[in-house]
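Here is a short tour of one protein model. It covers charge pairs, loops and a surface patch.

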Amino acid sequence: MEQPSEAVREEKRRFLWLILVRIFIVTVLLGFSAVMELLMGGSALSLTYFATYYVLACSYLVSIVYLVLDRKVKNRPALICLQSFVDIFLISILVYAAGTIHSYYTTLYPLVIIYSALLIDRRGGVIAATASFFCYGMLISLEYAGILISPVDPLQSRYLDAGYAFSRVFTHGASFYIIAFLASFLKEKEQEARRLLQEKTSAFERLDVLHRSIIESVGTGIVTTDMKGCIKLFNRAAEEITKYRFADLNDCPIEQIFRYIAFENGNINQVNGQGNVKRSETEIISKTGEKIVVGFSFFPLMSPEEIQIGTIIIFRDLTPIKEMEKEIERNRRLAVIGEMSSVLAHEIRNPLATIAGSIQLLKKDILIDDSNRRLMDIVLRGKDQLESIMQDYLLLSRPKSTDYRPVDIKSLIEELVELMSFGADWGEDIEVSLDLCDGHAICGNENEIKQAIRNVILNAVQAMPDGGSLDIETKLDCSMADGECLLVVVSDTGIGVADENLPRITEPFFTTKERGTGLGLAIVKRVLDSHGGSLAIESEQAKGTRVVMRYPIRFKE
């Protein structure tokens, strides 16, 4: 259903006020007439008061009729014109009943003229003035001609002077038209004032919407507080960063969000224990309990009179930047390792090759007993172990490969499991479950991908020295915005990883194993990063670990 406009509602409100004012005036006149009749003691004026009561009763009746018609008639200006004509007619009866030329009820004509001009327009006021002038002039003329006899003074028409009668009619008529023009002038000024006010209000609302849109659209968190440090504004970016809604923080102290600042007298005096800081970094706790590093600055919020009324705090989430800084530092360390590895590999491999060759010659050329043979085998295994470590060093520090080809993950995993099942670390009580999807190859370096998956499977096997379940699953993931991915999920029921060690297990050289080098998962992460993938690890002590490797189906440089 269509809602009425503001102008229509205002017009209806004025119409109802008109009826209420009419009822009020009629009631006052009714009371006045009753008091006058009592004071006059029921004299010859009783006919006058009877006519007055009759007219006032009709006024009550027509007011009720107007209320009913207001619900039926859509053309309200026409209804107001009808009211004005009826009111002028009833007033004319009162004027005649109260003595015509000497009647005090002539003061009611201007009221009708005024509301006609205000509720319709200048034309309505002029029409009401003309109707009033005509009715009053006709009453005086008929009384002067002796056609109408005044109920107050029947002999009044005999000594009524023509000049006096004409002057009364002329002055009343002139006043009627003057009142009509003044009322219409006031109506026009009021309409102009309303129009200007509406334009100013509309401009202010548009400006307010624009300011709010700007504040809500910026990607930086904005908070304003009063002089007591209570939050008064909290934009959308601030909600996204802190996970709080403005409704949760309205009028709450700013320390509920920024716990490491000291707020006093509308100013931030200390940040992280340091004073006189206008721009700083601090840590906040989101609604979900997550620790977030933010950089912020604050400024005094000034009124138009240049009086401080609060504080503006602008902040942004620095967590991604901090993570990037950590990644840069990690890459820097890997670059240093790479330089060292290239030198060490060259310097170590040559002596290892010499040692291995010499041992092999000694085993062939001389007769040795079993004890010396075992010692030589130990030397050769040590040589192989050193070469394996050097190979891990080189893989970890190797520049990003550009030799990308389609890799069949299903065949690769099946081959790895078959080969590794004959290794020394593979226990007899390990149960393997493979759930590998068909027809999904990824684009990458096959040797690096094989090494990464091998490291994850090896960690799972080593975590179950007494046996357990090893589940390897691959499945397609279409939830990423940058395209389809293939998930390689390796789960075990081993000893798990302690919570305090979980954030560090992909760091180079971090290990909790006695014989570990701390390079296995670091290599996995480097391979996934170089292929545009990601690594996720979930673990619980004494229950097992779940490793999810995400490889893009179509890798882009």
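Helices (H or I, at least four residues) and strands (E, at least two) are DSSP runs, numbered from the N terminus. This is a predicted model, where local features need pLDDT of at least 70, side-chain atom pairs count only at pLDDT 80 or more, and totals for chains, interfaces and linings use all residues. Residues are numbered from 1 along each chain as its sequence is written, and side-chain values use heavy atoms, with hydrogens and water left out.

**Loops with a positive phi**

Start with E306. This residue is found in the loop between β7 and β8 (308-317). E306 has a positive phi of about 60°, although it is not a glycine. Most residues other than glycine have a negative phi. Buried means under 20% relative accessible area, exposed over 50%, and partly exposed in between (1.4 Å probe, protein chains only). E306 is exposed, because its relative accessible area is 61%.

D251 also sits in a loop, between α8 (246-249) and β3 (261-264). Its phi is positive too, about 70°, and D251 is not a glycine. D251 is partly exposed, with a relative accessible area of 42%.

**Salt bridges**

Side chains of opposite charge can pair when their charged atoms come close. A salt bridge is a side-chain nitrogen of Lys or Arg within 4 Å of a carboxyl oxygen of Asp or Glu. How many salt bridges does the structure hold? There are 16. D251 belongs to a network of salt bridges with D226 and K232. Three other pairs are listed here.

| Pair | N to O distance |
|---|---|
| K322 and E281 | 3.1 Å |
| E415 and K450 | 3.7 Å |
| K525 and D529 | 3.0 Å |

Take K322 and E281, which form a salt bridge. K322 lies in helix α9 (residues 319-365) and E281 in strand β6, so the pair ties together parts that are 41 residues apart in sequence. K322 is partly exposed at 25% relative accessible area. E281 is partly exposed as well, at 39%.

E415 and K450 meet in a salt bridge. This pair links distant parts of the chain: E415 is in helix α11 and K450 in helix α12 (residues 446-462), 35 residues apart. E415 counts as partly exposed at 40% relative accessibility, and K450 does so at 25%.

K525 and D529 both lie in helix α13. They are 4 residues apart, about one turn of the helix. D529 is partly exposed, with 35% relative accessibility.

**Two buried loop residues**

Is S286 buried or exposed? S286 counts as buried, because its relative accessibility is 2%. The residue is placed in the loop between β6 (279-285) and β7 (291-302). Its side chain makes a polar contact of 2.9 Å with the side chain of T288. A polar contact is a pair of N or O atoms within 3.5 Å; within protein, one must be able to donate a hydrogen and the other to accept it, and residues adjacent in sequence count only if both atoms are side-chain atoms.

A498 is found in the loop between β13 (485-492) and α13 (520-530). A498 counts as buried at 10% relative accessibility. The C-alpha atoms of A498 and A542 are separated by 9.5 Å. Along the chain, A498 and A542 are 44 residues apart.

**A charged patch**

Which residues gather in a patch of negative charge on the surface? They are E428, D429, E431 and D466. Patches are made of residues with over 30% relative accessible area and no salt bridge: like charges are joined within 9 Å, nonpolar side chains (Val, Leu, Ile, Met, Phe, Trp, Tyr) within 5 Å. Lys and Arg count as positive and Asp and Glu as negative; His and the chain ends are not counted. D429 is found in the loop between α11 (409-420) and β10 (430-435). D429 is exposed, with a relative accessible area of 53%.

Technical notes
Areas by Shrake-Rupley, 256 points an atom, 1.4 Å probe, with all protein chains shown as cover. Charge placed at Lys NZ, Arg CZ, Asp CG, Glu CD.
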